[in-house]
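Thanks for opening this one with me. Below are a few points to read alongside the picture.

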There are 2 protein chains.
Amino acid sequence: MAEFEYTVTGMTCGHCEASVRGEVSKIAGVQDVRVSAASGSLTIVASGEVADDAVLAAVDEAGYSAVRA
Amino acid sequence: MAEFEYTVTGMTCGHCEASVRGEVSKIAGVQDVRVSAASGSLTIVASGEVADDAVLAAVDEAGYSAVRA
């Protein structure tokens, strides 16, 4: 397992967290997603490498912006 | 048509607005629901009277608190 850390801007509440979690969870190989609106942190636990592009696109799809932390 | 105004606390984003709108829209007689997280306003357009209890319960179900404005 590997962990990948991102910072997400724009999340304000649990619904926002759920939106991000829902989109990021769809990425192949992702085993767990931890997300906090309060801190803006997004931690992805995956069985292998996860492409930055896929993460940024998933967060964008949810309506927010992410950068690699 | 009659309009009923409430103030809702705790909404932070469009997801919150959608949650409130979804629950309040289920109340019998409700024709339109306008809700703003920015101002905390909830306006209900209904074909007749809408019981305060029903509105407060619907907003509570969505996870927020309302008072008659």
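1. Let us start with two helices of chain B: α1(B), residues 14-24, packs against α2(B), residues 52-62, at an angle of about 140°, and their axes are 8 Å apart. Axes here are lines fitted to C-alpha atoms, for helices over the stretch in contact, and angles run from 0 to 180 degrees between N-to-C directions. Helices (H or I, at least four residues) and strands (E, at least two) are DSSP runs, numbered from the N terminus. The two helices are therefore oblique to each other; angles under 35 degrees count as roughly parallel, over 145 as roughly antiparallel, 65 to 115 as roughly perpendicular and the rest as oblique.

2. Which residues meet there? From α1(B) come S19(B), V20(B), E23(B) and V24(B), and from α2(B) come A58(B), V59(B), E61(B) and A62(B), with contact meaning heavy atoms within 4.5 Å. By class, this contact has 5 nonpolar, 1 polar and 2 charged residues (Ala, Val, Leu, Ile, Met, Phe, Trp, Tyr, Cys and Pro count as nonpolar, Asp, Glu, Lys and Arg as charged, and the others, Gly among them, as polar).

3. A word on the source: this is a predicted model, where local features need pLDDT of at least 70, side-chain atom pairs count only at pLDDT 80 or more, and totals for chains, interfaces and linings use all residues. Residues are numbered from 1 along each chain as its sequence is written, chains are lettered from A and ligands numbered from 1 in the order in which they are written, and side-chain values use heavy atoms, leaving out hydrogens and water.

4. Chain B also has an open, antiparallel sheet of 4 strands, in the order β2-β3-β1-β4. Its edge strands are β2 (30-36) and β4 (65-68), each pairing on one side only; two strands pair if DSSP finds at least two bridges between them. β2(B) and β3(B), residues 41-46, are joined in the antiparallel sense over 6 bridges, and V35(B) has L42(B) as its bridge partner. Across β2 and β3 lies α1(B), running at about 160° to β2(B).

5. In chain A, 4 strands form an open antiparallel sheet, ordered β2-β3-β1-β4. The twist averages 25° from one strand to the next. β1(A), residues 2-9, pairs with β4(A) over 4 bridges, and T7(A) stands opposite V67(A).

6. Finally, look at S36(A) in strand β2(A). What does S36(A) touch? Not counting residues up to four places away in sequence, S36(A) touches M11(A), E17(A) and S41(A).
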